[in-house]
Amino acid sequence: MKKKTDLFWKILLYIIAFLFLVPLYWLLVSSVKTDIEITRFPPTLWPEEVKLGNFIYIWHYLKFMRTFFNSVLVSTSTTILIVFFSTMAGYAFAKKDFLGKNILMVLLVGTMAIPAAVRLLPLFFIITKLGMYDQLIGLILPFGVTIFGIFFMKQYIEDIPDSLLEAAKIDGCGEFRIFFTIIVPLLKPATTALTIIEFTNNWNSFTMPLILLKSPEKFTLPLRVGMLSQRLVEMSWSQIMAANTLVVIPIIIIVLFLQKYFIKGIMAGSIKG
Amino acid sequence: MKAYLRLKGLIKKTDHSAYLFILPGIIIILMFVLYPSIWSLIASMKDLKPLALRNSGLFELPGRWIGLKNYVLTFNDPLFQKSLLNTLYFSAIFIPLTMFGAVLLAVLLDKGIKGTGFMRTLFFIPYVIAPVSAGLIFMFIFNGERGLINGVLNLLNIDGPGWLTSTKLAMPVIAVMLCWKQIGYYMLIYMAGLQNISLSLYEAADVDGASELQKFKMITWPLLRRITMVVFILLLITAFNVFQEIFVMTGGGPADSTITVPFLIYNQAFKYYHIGKAAAMSYILFVILVIIAVMQNKLNQRKLDY
């Protein structure tokens, strides 16, 4: 009896896993089909002729080197700022007493639920008035800390025993030396997790580049690829899938290598939070 | 005296270095999170002209105060009513689908079937794919003329519909896409919750001869309730923020059937320059989100008290 139900769950799990793979499989297979094969109906499940020409075409069409560089620059810089500033603020919230701490905490939690749509238009005006419209810095500096990041780091820093910090203080360590030589090294799993979570968010970001950039040579990858949806008449689906492959592959490779930290970070964060 | 109180721990010593540590983060949050939120609240009660706004300073919002007129205008706008219903309709499909799907996956993976490590990764991968890419992939799969789904239906001699060109089917397709993309994240949260449930509870149930379904109903689901409350709020926020998926997949069509509130706000603000109205819409969306969140919290709190 028990064996039978186990088999049922097993089959169910495999079916779901198969269905989950289908979109990824279809993305890769379609990206190497010829323009003629891609329009055939019903579609071929395996390409009759593997053609890498779509990638060459889309490479030029997306101005890939330039666009890829913009994406790397924006995602990396923003992520470094987020991790650094969130760790600093998280440390103060976890280990220090200061006037206004509770008010600030309530404020941070309160703003977390405000839909992004509330801030869309004002952010456009504020960033424009600061002279950062159509500049990559406008996608970096204003997003250089996240409330999620602060709380994420705060949880981990709270686990560091106070006695360790007191001992360092008695030994005459200054505030910043304590932070950089004791706190930061102990947080490596947490900062790795936060780095990969925030890098993924920024790498995939579409809405902010859409409203903050105007010149095509500053576009990031998701912005260019998202804009392909407005060009469905002149592009073939195989070319569009090739473009998506180029966006999706780098992040999947990074995540596969660092998934241990990513998954642990989410699971640990959810329990403590 | 002061030193004495401090010794007894009655006054906590303010550590001034704390301000240095929070300074960069707090400046960014005040300027780019808090100020924009207040900006929108003020703008929603003003008659803002785009031209005047272009010449104003960073901290001034030109225009006449008009009270709640923008809110009245918004509520009477048929397109806003439609977009609000669309957003609620989307939430009604997306939230249960993702929530129960995530619990199911977490429970299945928790059984220790062979290959679960690989599957956990597999279910998680869509979460890191760019939303615009996920949208384009599903657009092609659900394409009416040459999509994979209709190709499979064709083999079964069924004439597949134009999924994304149908006013009835477009929204469910987008909900399924977002579920595929997001479910892995919530599965992980539930898996973390399952690890906290003591095995002895299940052993006791086994002694009593409980079935799998009974164990889930009596032990697993009630003990996951706190996590479910958090998951619900996170999914609600996600559902109320759906914008780029619409931008890429349907542009709000066919016949406005997929216009969500954030998509309408984007159009009002950046296409028609109805600034006050766009701001009013965004705060109505926020208030509705808070009301739903508080209601579900109250409902669940009552259950938790038992």
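User: From the N terminus on, how do the elements of chain A run?
Analyst: In this predicted model, the elements of chain A run α-α-α-α-α-α-α-α-α-α-α-α-α-α from the N terminus on. That corresponds to 14 helices and zero strands.

User: What radius of gyration does chain A have?
Analyst: Chain A has 24 Å, whereas a compact globule of 273 residues would have a radius of gyration near 19 Å. The C-alpha trace of chain A spans about 75 × 70 × 35 Å along its principal axes.

User: And how much of chain A is buried?
Analyst: Of the 273 residues in chain A, 42% are buried.

User: Which residues have the most contacts inside the largest nonpolar core?
Analyst: They are A:Ala89, B:Met187 and B:Tyr190, in a core of 155 residues. Helix α9 (residues 170-195) of chain B gives the most to this core, namely 18 residues.

User: What does A:Ala89 touch?
Analyst: Leaving aside residues up to four places away in sequence, A:Ala89 touches A:Val145 and A:Ile150 in chain A, and B:Phe21, B:Ile22, B:Gly25 and B:Ile26 in chain B.

User: Back to chain A: what share of its contacts between residues at least 6 apart in sequence join residues at least 24 apart?
Analyst: The share is 76%.

Note on methods
Residues numbered from 1 in each chain as written. Chains lettered and ligands numbered in written order. Predicted model: local features only at pLDDT ≥ 70, side-chain atom pairs only at ≥ 80, totals over all residues. Core = buried A, V, L, I, M, F, W, Y, C linked by C-beta atoms within 7 Å. Buried ≥ 20, exposed ≤ 12 C-beta atoms within 10 Å, placed from the backbone. Helix = DSSP H or I, 4+ residues; strand = E, 2+ residues; numbered from the N terminus. Contact = placed C-beta atoms within 7 Å. Rg over C-alpha atoms; globule rule 2.2 N^0.38 Å.
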